[in-house]
Amino acid sequence: MREVVLFIIAVINFLILAVALSGIGGVSDAQAAVIAALICAGLVALALTPAGEAYFRAANRLRRPRPEEDAAIRPLLENACRRCGAEVPELFVSDSECPNAFAVGRKTVAVTRGLLAQALQEEVEAVLAHELGHLAHGDSRYLQAAWVLNLVGSITAWTATAAVTVAAAFAGAAGGREGRAATAFAALVMVWLLRAVSWSLFQVQRLSLLAVCRSREYEADAFAARAGYRDGLVGFLRRLTPPQAPQGLAATLLATHPAPAKRIKRLVEAKGVTLIE
C-alpha cells in the first residue's frame with residue numbers, strides 16, 4: 001500500500017507540474033514532461049541525501065543532545081540497537097514538551113524533552129526501539145519523498161493560479177479589443193476550476209498518506225515488541241492522553257497515529273493476553 005500511495009502522489013504532482021510548464025511555460029508537452037520528471041526526481045533524490053536529512057533536522061528544530069542528555073539517552077539507544085540488530089543512528093533532541101520521539105531520513109532519531117521528563121527509562125528505550133523500526137522499514141525516507149513531491153505540486157498550483165489571475169486581471173483592465181475581457185474571464189474561471197481539482201487531489205493524497213502513516217505505526221510497534229519491548233511500549237502508551245480513539249470521522253481520518261488504546265490492544269493481544277481496559 002505504501003508504494004502505491006507514493007506512486008499516486010508522484011504521478012499527480014508530476015502531472016500538475018507538467019501541465020503548468022506546458023500551458024504557462026511555453027514549452028512543448030514532451031519537453032514539459034521531461035522537465036517535470038527531472039525536477040521531481042532530482043528534488044526527491046536531494047531530499048534523501050545527507051544534505052536533505054540535515055535540512056529536515058533543521059526544519060524540525062532538532063539539536064545535538066547536551067552532555068547530561070547524551071549521558072542519559074545514549075546508553076538506552078545503544079542497548080536498543082543491540083537488541084534490535086540495528087546500527088546506532090545519530091541522536092538529536094527536540095525542545096518540545098510533548099512526550100514523543102521520531103525518526104528522520106536514514107540515520108536520525110530524535111527524542112523530545114517531554115519524553116525524557118515524563119517517561120521511565122525502560123519506556124524511553126522502548127520508544128527508541130520503535131523509532132529504529134521506522135528507520136529499518138524506510139518510513140522516514142518515504143515521508144520525506146512524499147513531502148517533497150507534494151511541495152512541488154502545491155507550489156506549482158499556487159504559482160500557476162497567481163500568474164493566470166494577474167494576467168487575466170491585466171487583460172480585463174486593458175480592454176480594447178473585442179472579446180479580450182471575456183477571454184480573460186474564461187481563463188480565470190478555468191484556472192480556478194483546475195485549482196479546485198488540484199486541491200481535491202491534494203486532500204485525497206493527504207488522507208491516503210495519513211492512513212499509511214497510521215499503518216506504519218503498528219509495524220514499528222511490532223518491530224520493537226519482537227525485540228522484547230512490548231511492556232515498555234504499553235507502559236508509555238498508557239501515559240498518553242487522551243488514551244481513547246479520536247472522536248468523529250474527521251478526527252480519525254486526520255490522525256497521524258492510531259489511538260493509543262488500539263496500539264496497546266494489538267501489542268497485548270500479540271502475546272495472547274487479554275487487554276485490561
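This is a predicted model: local features need pLDDT of at least 70, side-chain atom pairs count only at pLDDT 80 or more; totals for chains, interfaces and linings use all residues.
Residues are numbered from 1 along each chain as its sequence is written, and side-chain values use heavy atoms, with hydrogens and water left out.

Confidence comes next. pLDDT is the predictor's confidence in each residue, from 0 to 100. Its mean for the protein chain is 85, and 85% of the residues reach 70 or more. Over residues 272-277, pLDDT stays under 50, and the model has 9 contacts there beyond four places in sequence; a contact means heavy atoms within 4.5 Å.

Now the build. The protein chain has 10 helices and 3 strands, taken as DSSP runs (H or I, at least four residues, for helices; E, at least two, for strands) and numbered from the N terminus. Along the sequence the order is α-α-α-α-β-β-β-α-α-α-α-α-α. Of the 277 residues, 42% count as buried, where buried means under 20% relative accessible area, exposed over 50%, and partly exposed in between (1.4 Å probe, protein chains only).

Contacts next: among those in the protein chain with a separation of 6 or more, 68% are between residues 24 or more positions apart.

Finally, please look at helix α1, residues 2-23, where F7 lies. Is F7 buried or exposed? F7 is exposed, because its relative accessible area is 57%.
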